[in-house]
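Dear colleague,

Please find below the structure that I am handing over to you, together with its sequence.

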Amino acid sequence: MHYEIYEGLMSDVTESLLNGRTEIGLCNSQMVDTSRFDILFTQPESLYAVFRNDVFWSSQEKDSLTWEEIARCPLSLSGGSVRMLMQSASRLFNNLNVVSVTTTKSSAIEWAQLGRSVAIIPMDSQEKVHGRKMSRIRLPELSTGFHKSFIVVKGHTPSLVSKQFLEFYQGTM
């Protein structure tokens, strides 16, 4: 079995679903237009700081970060993390040293892999960050009530292949 997975803006995901180019979409639950899409299932998501541990906080093992530590670092944010930060910490947002806002998580992670920033991105607890010297720390004070959803066009029954993918995905959780 071969699956093609595309990462993009929410508008791209919904357009691909509505045009029939894509059968399943993955997006932030708060952004789902339930008049046009059915939610197949949701999964909790949190904000994480992703960074090179030889550049940021290299002299110590870290299992948590304070808001002050985050605010002192150059940050790369994904579009999803901007929305999550605005919902959970809008009053603190202007104090951040944001050097880039990217359309995808992978682009924000790339900035972090280069050692140029700390990426702040939404992830579920099972997602991994690959790369030498890369670490991630969950930011619990900024991560309440967020979920990602697998969606289809309202009334659409997923194909057998899509159902197998969803079973595979859920089995890895």
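**Confidence of the model**

Helices (H or I, at least four residues) and strands (E, at least two) are DSSP runs, numbered from the N terminus. For the protein chain, the mean pLDDT is 84, and 92% of the residues reach 70 or more. Where pLDDT is low, the predicted coordinates should not be read in detail.

This is a predicted model, in which local features need pLDDT of at least 70 and side-chain atom pairs count only at pLDDT 80 or more, while totals for chains, interfaces and linings use all residues. Residues are numbered from 1 along each chain as its sequence is written, and side-chain values use heavy atoms, with hydrogens and water left out.

Five strands form an open sheet in the order E5-E4-E6-E3-E7, with mixed pairing; two strands pair if DSSP finds at least two bridges between them. E5 and E7 are the edge strands, each pairing on one side only. On average, neighbouring strands of this sheet are turned by 30° against each other, direction ignored. Axes are lines fitted to C-alpha atoms, for helices over the stretch in contact, and angles run from 0 to 180 degrees between N-to-C directions.

E3 and E7 run antiparallel and are joined by five bridges. Arginine 52 has methionine 134, in E7, as its bridge partner. Helix H4 packs on this sheet, touching E3, E4, E5, E6 and E7, and its direction makes about 150° with that of E6. Contact means heavy atoms within 4.5 Å.

Within H4 (residues 105–113), Ala108, Ile109 and Ala112 are buried. Seen down the axis of H4, these buried residues fall within an arc of 100°, so they line one face of the helix. The arc is that of the directions from the helix axis to the C-beta atoms. Buried means under 20% relative accessible area, exposed over 50%, and partly exposed in between (1.4 Å probe, protein chains only). The buried residues of H4 pack against E3 (46–52), E4 (74–78), E5 (97–102), E6 (118–123) and E7 (134–138). Just after H4, glycine 115 takes a positive phi of about 80°.

Threonine 42 has serine 149, in E8, as its bridge partner.

In H1, the buried residues are Met10, Val13, Thr14, Ser16 and Leu17. Viewed down the axis of H1, they fall within an arc of 160°, so they line one face of the helix. Their cover includes E1, E2 and E8. Glycine 20 follows H1 and has a positive phi, near 80°.

Three aromatic pairs are found in a search of the whole structure. Rings of Phe, Tyr and Trp (its six-membered ring) pair if their centres lie within 6.5 Å; planes under 30 degrees apart count as stacked, over 60 as edge-to-face and the rest as tilted. The ring centres of phenylalanine 51 and tryptophan 57 are 4.8 Å apart and their planes stand at 80°, so the pair is edge-to-face. For phenylalanine 56 and tryptophan 57, the centres are 5.9 Å apart and the planes at 45°, so the pair is tilted. Ring pairs link Phe51, Phe56 and Trp57 into a cluster.

Cysteine 73 lies in the loop between helix H2 (67–71) and E4, and is buried, with a relative accessible area of 9%. Not counting residues up to four places away in sequence, cysteine 73 touches Phe56, Trp57, Asn97 and Val118. Cysteine 73 and valine 118 are 45 residues apart in sequence, yet 6.8 Å apart in space, C-alpha to C-alpha.

With kind regards

Terms used. pLDDT = per-residue confidence, 0-100.
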